[in-house]
Every structure is written in C-alpha cells, then in structure tokens.
Amino acid sequence: MTTGDDSLISHGPVIPQDATPVDDRERLRRWRLLLGSADAAGARLSPSDQAIDAALAALYDGDADGQPGGRGSSARQSGRSAGLGASAPKVARWLGDIRTYFPSTVVQVMQRDAIDRLNLRQLLLEPEMLESVEPDVHLVGTLLSLNHLMPETTKATARKVVARVVAEIEQRIANRTRAAVSGALNRAARTRRPRPRDIDWNRTIAANLSRYQPAHRTVIPERLIGYGRRQQVMARDLVLAIDQSGSMASSVVYASVFGAVLASIRSLRTSLVVFDTAVVDLTAQLSDPVDVLFGVQLGGGTDINKAIAYCQGLIKRPRDSIFVLISGIQEEMLARMADLHAAGVQVVALLALSDEGAPTFDASNATALAALGIPAFACTPDAFPDLLALAIDGGDIESWAHRNAQAAR
C-alpha cells in the first residue's frame with residue numbers, strides 16, 4: 001500500500017478520481033480507511049465502507065501481540081500478522097470481496113501481500129483457491145516456484161491461470177515486437193548489389209535523387225538498393241539466456257513470452273536457455289510459452305559461467321548473432337562476455353526484464369562490463385522490442401539505455 005497526502009490505496013474505487021476539492025468529512029473518511037479504527041476513530045463509515053475496512057483489516061491490521069495495526073506502513077516492513085489465517089474458505093471469501101471493492105491492479109498488490117504476509121503458498125496448491133485469484137505476473141512466478149509441489153489435479157488449473165497471463169502479455173507485446181524486429185531484419189537483409197529482380201526501386205530512386213538528369217528526365221542511380229533473399233536464409237541468430245533463480249521470476253515470465261513471439265519470425269533463429277546451477281535448453285518448447293514456463297524451475301543458485309559457456313556453443317555465426325543475458329552480474333562471467341564481444345557478437349546484458357523498477361546489482365562488475373562495451377541495465381517489456389531492433393541494426397545500445405533511463409526518471 002502506498003499513501004499520498006489525502007489518498008488511500010492507489011486508484012481504488014473508494015476514492016473519487018475527479019478534481020473536486022475534498023471536504024473535511026471525506027478527508028477524515030479516507031484517513032480512517034487508510035489508518036484503521038485506532039488511528040482515526042472519529043470517522044463514521046457507511047455500510048459499504050465498513051465492508052472495505054473489514055477487507056483491509058483482514059490483511060493489514062493487528063500484530064503478534066494483538067496491538068492495533070497501522071495500514072500506512074509497508075506490508076513487507078511492518079511484520080504484522082492478520083486475520084485471514086490459513087482457512088481456505090475465509091481466504092476465498094476475502095479474495096472475492098477485494099475484487100468487488102478494488103480494481104484489478106490493487107487486487108494484485110493485496111494478493112501479493114497476502115501471499116507474503118500470511119504464507120498462503122500452500123493454499124495455492126488447491127484448485128478451488130487458484131480459481132479465486134486475480135492472475136498476474138507475480139502470481140505466475142509464485143506458481144512456477146511451487147510447480148514441483150503441485151498435485152496433478154492442481155497443475156491443470158495452474159496451467160489455465162498461467163495461460164491467461166501469458167495471453168495478456170502476448171496481446172500487449174506481440175504485434176509491436178514482430179513489427180520492430182521484422183523491420184530491423186528487413187533493413188539488415190537489404191543488399192547493395194541486388195539481382196535485377198531484387199531491386200527495391202522506391203528506395204533506390206530516393207537514395208539517388210541527386211543524380212537526376214534533366215536532359216534525360218530520369219535518375220541515373222549511382223548505387224542500387226535491393227531486397228535480400230530472406231526466405232532462404234536466417235538473417236540473424238538470437239540467443240536468450242535467462243537466470244531462473246527466484247528473484248528473476250517476472251523476467252522469466254516476460255522473456256519466455258518474448259521468446260515464443262520471436263520464434264515465430266522465420267528470418268530470426270531464436271534459442272531460449274534457462275539456468276540456475278544447471279542449464280536447460282527450452283528452444284524446442286518455444287511454440288508454446290506455457291510449456292516453456294512449466295519447464296522452468298524457479299529458485300536455487302546461479303552458475304552463470306556454465307550458462308554462458310553453453311550459449312557460446314550455440315553461436316555459429318558471431319557477426320550475425322545477438323546474445324541477450326538476463327541476470328545479475330558476477331565476476332566470473334566477464335571473461336566469457338569479453339570473448340563473445342570480441343568475436344563480433346552483439347551482446348546485451350539485462351539486469352531485469354520487468355516493470356518492477358531498478359534491480360540490485362554489483363556496480364563494480366557492471367562498470368567492468370561497460371568497459372568492454374557491454375552496458376548492463378534493466379529494461380521494461382514495453383521497451384524490449386525497440387532494444388532488439390537496435391541490436392539487429394547494430395546501433396548504440398549504451399546511448400539508447402541512457403536515454404531510456406533519463407526518460408523513466
């Protein structure tokens with residue numbers, strides 16, 4: 001939960017979203033809902049507000065000693081217990097209530113807090129409970145971490161939940177990714193010595209307008225621009241390597257969906273590798289991102305050096321290859337990253353591929369990577385298509401990352 005001067009939970013329907021000035025009664029009501037009964041007892045609540053207050057109290061009120069809770073503090077910092085307990089019927093009713101009172105973005109935050117604060121992971125192994133939750137990327141990460149504990153009856157429901165989130169992400173990113181990447185591949189495939197049937201006359205004329213001959217009323221081209229024979233060759237090879245340790249859950253979800261979308265572009269050969277202390281090549285499952293995600297085992301350590309070594313073996317055409325590593329930075333990876341860069345591979349080091357803000361990382365190792373010409377930065381899913389297009393074009397990724405960081409701030 002976050003607070004402003006006079007606001008309650010972000011964008012909840014209980015707060016008017018117009019520009020009308022807030023009177024003292026409404027301000028008191030908001031603070032009462034925000035802080036709980038002990039902190040603003042003078043405010044009277046309507047029956048609907050009492051129901052909202054009860055839903056908030058079940059999650060955020062009370063501590064281990066029975067003292068009143070403070071809702072304004074962060075759920076992850078307050079250490080308070082709450083009133084839902086581990087009762088599946090209670091939790092199911094509560095999940096239904098919060099979907100009634102709050103928009104889906106707030107529901108997702110409250111579900112995440114409930115899972116963290118009340119240790120409801122065990123309840124997520126019950127199909128009835130999974131059918132009650134509002135699916136989002138964080139829930140998918142939690143389900144994937146529980147994958148090896150799930151009974152078969154729950155896995156079918158879990159796949160449906162994961163499939164809903166995957167479909168939403170794919171709808172959000174698929175068309176833009178295909179357009180950006182295909183456009184870059186088309187530019188990469190153009191040739192300056194085309195066969196007559198491959199000449200792109202519009203681009204050739206535009207590039208040679210300075211060669212117009214008035215006497216002949218025509219352009220005499222100095223250079224020809226043609227279409228490449230894209231149908232017969234792979235224009236670029238892309239290797240995505242994803243750290244599947246627990247802290248990278250959101251990145252794994254987004255990268256898996258991107259991998260499936262990119263695999264559908266015929267002139268791009270896409271490989272997807274996930275790793276912790278072991279390395280698993282999931283390229284064969286790229287036709288179905290849900291299969292990819294259920295092939296992931298979130299958690300455990302990280303042997304990044306072994307993962308990069310495996311990916312080096314996949315790269316057969318260094319100067320036509322792009323290697324995207326989505327992980328933190330470790331010192332032992334620097335030599336292998338330097339080798340890839342020196343061989344002509346376009347190397348991209350992403351600290352995260354998610355909407356979760358700035359990740360933590362080792363600044364000295366990031367500086368060492370930057371010295372090699374490999375900037376390390378976090379990227380949002382919405383910006384990732386442009387990043388890939390720039391990598392295919394051989395553009396300046398460091399400047400692009402800096403511009404995007406400035407725009408985000």
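Trainee: Where is Asp49 placed?

Mentor: Asp49 is in helix 2, residues 47-60. Helices (H or I, at least four residues) and strands (E, at least two) are DSSP runs, numbered from the N terminus. This is a predicted model, where local features need pLDDT of at least 70, side-chain atom pairs count only at pLDDT 80 or more, and totals for chains, interfaces and linings use all residues. Residues are numbered from 1 along each chain as its sequence is written, and side-chain values use heavy atoms, with hydrogens and water left out.

Trainee: Is Asp49 buried or exposed?

Mentor: Buried, because the relative accessible area of Asp49 is 7%. Buried means under 20%, exposed over 50%, partly exposed in between (1.4 Å probe, protein chains only).

Trainee: What does Asp49 touch?

Mentor: Arg29 and Leu33, not counting residues up to four places away in sequence. Contact means heavy atoms within 4.5 Å.

Trainee: New topic. In what order do the strands of the open sheet run?

Mentor: The order is 5-4-3-6-7-8, 6 strands with mixed pairing. Two strands pair if DSSP finds at least two bridges between them.

Trainee: And which strands stand at the edges?

Mentor: Strand 5 (279-281) and strand 8 (376-379). Each has a single partner strand, so one side of each is left without a neighbour in the sheet.

Trainee: How is strand 3 joined to strand 6?

Mentor: By 6 bridges, with strand 3 (residues 236-243) and strand 6 (residues 321-326) running parallel. Ala241 stands opposite Leu325 in strand 6.

Trainee: What about the cores? How many residues has the largest nonpolar core?

Mentor: It has 91 residues, and Val324 and Phe384 have the most contacts inside it. A nonpolar core is a set of buried Ala, Val, Leu, Ile, Met, Phe, Trp, Tyr and Cys residues joined through side-chain atoms within 4.5 Å. Helix 8 (residues 152-189) gives the largest share, 12 residues. Another core, of 23 residues, lies apart from it, including Val239 and Met333.

Trainee: Last one. How many disulfides are there?

Mentor: The structure holds 0 (a disulfide is a pair of cysteine sulfur atoms within 2.5 Å). Cys311 counts as buried because its relative accessibility is 0%.
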